[in-house]
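Keep the viewer open as you read.

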Amino acid sequence: MITEPRTLSTLDRERLIQAAIEAKDGAYAPYSKFRVGAALLTSDGQIIKGANVENASYGGTICAERTAIVKAVSDGTRSFVGLAVNTDVAQPLAPCGICRQVIREFCALKMPILLVPAGYNFGGGSGDLLEKTVDELLPHSFGPEDLELPRTGRP
């Protein structure tokens with residue numbers, strides 16, 4: 001179930017950002033050395049954390065954003081109102097293309113995604129924090145509702 005987005009309170013934003021930063025500590029990145037943490041805020045106020053988990057075959061690697069979504073969905077939670085992503089890079093970085101599509105599957109197009117740089121300063125304002133929506137990260141996207149559109153032509 002996709003929940004319509006709401007404005008995140010200052011407290012929810014801070015909780016979400018802190019959880020993404022903490023989640024990064026769980027990353028298993030022996031090959032790329034590129035740690036990522038993600039945190040999803042559910043519509044009932046829970047925070048689900050995820051970290052990237054690499055694999056020697058590379059294709060078996062799962063990103064932090066997908067880890068958080070898979071954890072939540074497999075436990076029966078499918079209603080989200082915010083996502084934060086944090087790396088060790090001093091500028092905000094966006095999710096990869098596969099993650100954007102998975103986020104699109106379960107999150108409202110207007111849901112906020114907070115892209116948090118390394119060293120983010122909570123007391124110093126937003127700093128280099130970048131806030132985007134699902135729609136801004138994946139414009140003209142294909143989603144579950146598109147499968148319900150009428151079809152013409154050959155079956």
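**From the pocket to the strands**

The largest pocket has a volume of about 210 Å³. Here a pocket is an open set of points on a 1 Å grid over the protein atoms alone, with protein on both sides within 12 Å along at least five of seven lines, and lining residues have an atom within 4 Å of a point. Grid points are joined across faces, edges and corners, and the volume is the space filled by probe spheres set on the points. Sixteen residues, written 16 in the count, line the largest pocket, and F34, V36, N52, C63 and E65 lie nearest its centre. Two or more lining residues come from each of α2 (64-74) and β3; helices (H or I, at least four residues) and strands (E, at least two) are DSSP runs numbered from the N terminus.

Before going further, please note that this is a predicted model, in which local features need pLDDT of at least 70 and side-chain atom pairs count only at pLDDT 80 or more, while totals for chains, interfaces and linings use all residues. Residues are numbered from 1 along each chain as its sequence is written, and side-chain values use heavy atoms, with hydrogens and water left out.

Now turn to V36, one of the residues nearest the pocket centre. V36 belongs to β1, where it is buried on one side along with A38, L40 and T42, while G37, A39 and L41 are buried on the other. Buried means under 20% relative accessible area, exposed over 50%, and partly exposed in between (1.4 Å probe, protein chains only). In all, seven of the seven residues of β1 are buried.

What does β1 pair with? Two strands pair if DSSP finds at least two bridges between them. β1 and β3 are antiparallel over seven bridges, with L40 opposite L83. β1 and β2 are also antiparallel, over five bridges, and L41 stands opposite I47. Four residues separate β1 and β2 in a hairpin, and G45 in the turn has a positive phi of about 90°.

Helix α1 (residues 10-23) comes next: its 14 residues reach 20 Å from first C-alpha to last, close to the 20 Å expected at 1.5 Å a residue, taken as 1.5 Å times one less than the number of residues. Its buried residues are D12, L16, I17, A19, A20 and A23.

How values were computed:
1 Å grid on protein atoms, 1.4 Å probe; cavity = no way out; pocket = protein on both sides within 12 Å on 5 of 7 lines; lining within 4 Å.
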